Amino acid sequence: MDGVVTRVGLQLLLEPASTAWIARGACVATGAVYPAYATYKAVLAPKRPPAPARNAAAAGLEAEGAREALLKYWTVYGLACLAERLLEQHLDRAFPYYPHAKLAFLLWLQLHNAHGAVLLFDRYLVPRLSRYERKLDTVLEVGAQLAEMFYSTYAGPIGYLQRALGTAMAQMAALLKWLATPDDPSGPEQQQQQQQQQQGSGVAGLGTTLRRRGEG
């Protein structure tokens, strides 16, 4: 086991590109999947009864603190994703260990003993965003009004496209269902039985005809 760990560590140090895909996958799980599930738990925590061994007030305070920490984390994570989108190509070329450094950064943001996201939010984001908060609110309000005007202007075509898309999806589903259905729903055994019944009925009909002719 020690040899495997040593070999992986040397490969990570000497060939970071070979393990970059592992670091990227871990970044997705660490940066988005786990916080999303933690947010789900934090949102539903007030609606669920606390554990029998815990005080309701203490559980409520803990849940409130978890929600606040998650909100701060998502704020920092969103800004970090925006900066990464702008600088990702340059970072990958200039810094081969960038995926691994990003994983360490995401872990630092979430670890309870570090509280990296809370630290960045309280110490850096709040003082700077508070200076431009009114201007940002004005810009967002104007953007929301423009979006509402755009939607009200093109509500008819948008609704038509939605209905057309729904009809097309329903027709596509019906077509796929029709293609997946065999031409003859009966199996080979049932087809053979039907053929034998038809042959038997034909022979019986021929015997009846011959008997009638003999009686005549």
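A residue is termed buried when its relative accessible area is under 20%, exposed when over 50%, and partly exposed in between (1.4 Å probe, protein chains only). The structure is a predicted model, in which local features need pLDDT of at least 70 and side-chain atom pairs count only at pLDDT 80 or more, while totals for chains, interfaces and linings use all residues. Residues are numbered from 1 along each chain as its sequence is written, and side-chain values use heavy atoms, with hydrogens and water left out.

By this criterion D92 is partly exposed, because its relative accessible area is 30%. D92 belongs to helix α3, helices being DSSP runs (H or I) of at least four residues, numbered from the N terminus. Leaving aside neighbours within four places in sequence, D92 is in contact (heavy atoms within 4.5 Å) with R24 and Y98. Between D92 and A17, which are 75 residues apart in sequence, the C-alpha to C-alpha distance is 9.8 Å.

The axes of α4 and α5, which are lines fitted to C-alpha atoms over the stretch in contact, with angles running from 0 to 180 degrees between N-to-C directions, come within 4 Å and cross at roughly 80°. The two helices α4 and α5 are therefore roughly perpendicular to each other, a term that covers angles of 65 to 115 degrees. In this contact, F105, W108 and L109 of α4 meet G116, A117, L119 and L120 of α5. The residues of the contact comprise 6 nonpolar, 1 polar and no charged, where Ala, Val, Leu, Ile, Met, Phe, Trp, Tyr, Cys and Pro count as nonpolar, Asp, Glu, Lys and Arg as charged, and the others, Gly among them, as polar.

Terms used
Angles under 35 degrees count as roughly parallel, over 145 as roughly antiparallel, 65 to 115 as roughly perpendicular and the rest as oblique.
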